[in-house]
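The following questions and answers examine a structure step by step. Please consult the sequence and the model shown here while reading.

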Amino acid sequence: MAEPITQTRLRELAAVHPERGRVLSVFLNLDPAQFGTPAARSSAITSVMTDATHKVGDTDGLSHDEREALRDDIERVRDVLGASDVAADGTRAVAVYACGAADLLEVVRLRRPVDSKVVLDRTPFVEPLVMQGLDEAWMVLLSNRRAARLFIGPGDALEETDRFVDDVHSQHDQGGWSQLNYQRSVEKEVKDHLTNTAELAFELYKRRGVDRVLIGGPDELMGDLKAKLHPYLKERIVGKVQIDVENASLDDVKACARDAIAAHIRRLERETLDRLNESVGRGGRGAAGVAEVLDALNQARVETLLIAENFRAGGRVDFEANLLLPPDDDRGEPVNDIVEHAIEKAIEQSAHTLVVRHHDDLGPLGGIGAVLRF
């Protein structure tokens, strides 16, 4: 099954710095539109593993023992990719990280395709994972006056976990004191139903963990439902969905949630970019362009690293001093893509990385920016 890409998992990978040798990072595209048959997947595996063999043979600066260790890593990766279930359960790509010297063999199954690629470097190549975006755990909570349904999972892989109907009587309009008492009884039943819904949602939150919440149901009930929710859930609400609570299919719920999640991501990008623009404009807690951002990362000042989608830039790395440098610096070693190293350093510092896909603000700022902690 494809697995969530979490900040914790990225941090664990970025923390791997073997004292000797290199880390082998292998990415295999399993998009069923291109590699839907066993023969097509076998050909893709052969191609990417041949590339890995060539890289190990052609890389300079490796001792005999390090090269032999990498050849062992290649075979371990080959075994992983050759497994019969490599493309099972919605997996659209696989990233495999191997380094015998660091006791590392990490397999990350992805729900979205990536280009097949081999990277041999001092650390795991995590940029493709970051570019896919973190997989937050979402809860979709639907309720009307009597029925409730709960869904949980990554935004593009929700599953329905709970559904129940409480015994809530229908309203009538006979009038008189009897009607008033009956109506009060019905409203209490509705409130009890919303309490049950909120309690179940919190139990699910405690068992599974939730990053973001979407709620849906009749507008007149949403205020009461939010009031019943535990503060941990209430503070995670980022939007609403309009859907038939009782009759919507799982695909209907996924489609509504997908639209709401996309709107949330666009809004999050906009808010973060506004913070960056305001900070850069007044000379405050903002950095723009490769040189400023690298300097901020070297000082561990970055709170959020913003990268335009597909942005690449050269640079230099002083591995001994652990410094990232612009391409015109005379220290360190040249690297083709300083963005990967910037992402790794941001992850190590527990900074958030945001790939900006829906707005063009970063273009005039040099393609990369950072909101700073201080």
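Q: How far apart do the centres of the positive and negative side chains of the protein lie?
A: This is a predicted model, and every value is computed from it. Its charged side chains comprise 65 negative and 47 positive ones. The distance between the centres of the two sets is 4 Å.

Q: What percentage of the residues of the protein count as buried?
A: The C-alpha atoms fill a box of roughly 90 × 55 × 30 Å along the principal axes, and the accessible surface is about 18,300 Å². A residue is counted as buried when its relative accessible area is under 20%. Applied to the 374 residues of the protein, this gives 47%.

Q: What share of the contacts with a separation of 6 or more is made by residues 24 or more positions apart?
A: The protein contains 11 helices and 16 strands. Among its contacts with a separation of 6 or more, those linking residues 24 or more positions apart account for 68%.

Q: Which residues is I343 in contact with, leaving aside its neighbours within four places in sequence?
A: I343 is one of the residues with the most contacts inside the largest nonpolar core. With its neighbours within four places in sequence left aside, its contacts are V126, E127, V130, M131, L305, I307 and T353.

Q: Why is strand 16 largely enclosed by the rest of the structure?
A: In a regular strand the side chains alternate between the two faces of the sheet. On one side of strand 16, I368, A370 and L372 are buried, and on the other G369 and V371 are buried. Strand 16 (residues 368-372) is largely enclosed because the number of its five residues that are buried is five.

Q: Which residue of strand 16 is the bridge partner of L306?
A: Strand 16 runs antiparallel to strand 10 (residues 286-288), joined by three bridges, and A288 stands opposite G369. Strand 11 (residues 302-308) also pairs with strand 16 in the antiparallel sense, over five bridges. The bridge partner of L306 in strand 16 is G369.

Technical notes. Residues numbered from 1 in each chain as written. Predicted model: local features only at pLDDT ≥ 70, side-chain atom pairs only at ≥ 80, totals over all residues. Heavy atoms only, no water. Helix = DSSP H or I, 4+ residues; strand = E, 2+ residues; numbered from the N terminus. Buried < 20%, exposed > 50% of the residue type's maximum accessible area, 1.4 Å probe, protein only. Contact = heavy atoms within 4.5 Å. Areas by Shrake-Rupley, 256 points an atom, 1.4 Å probe, with all protein chains shown as cover. Lys, Arg positive; Asp, Glu negative; His and termini not counted. Charge placed at Lys NZ, Arg CZ, Asp CG, Glu CD. Core = buried A, V, L, I, M, F, W, Y, C linked by side-chain atoms within 4.5 Å. Pairing = 2+ DSSP bridges.
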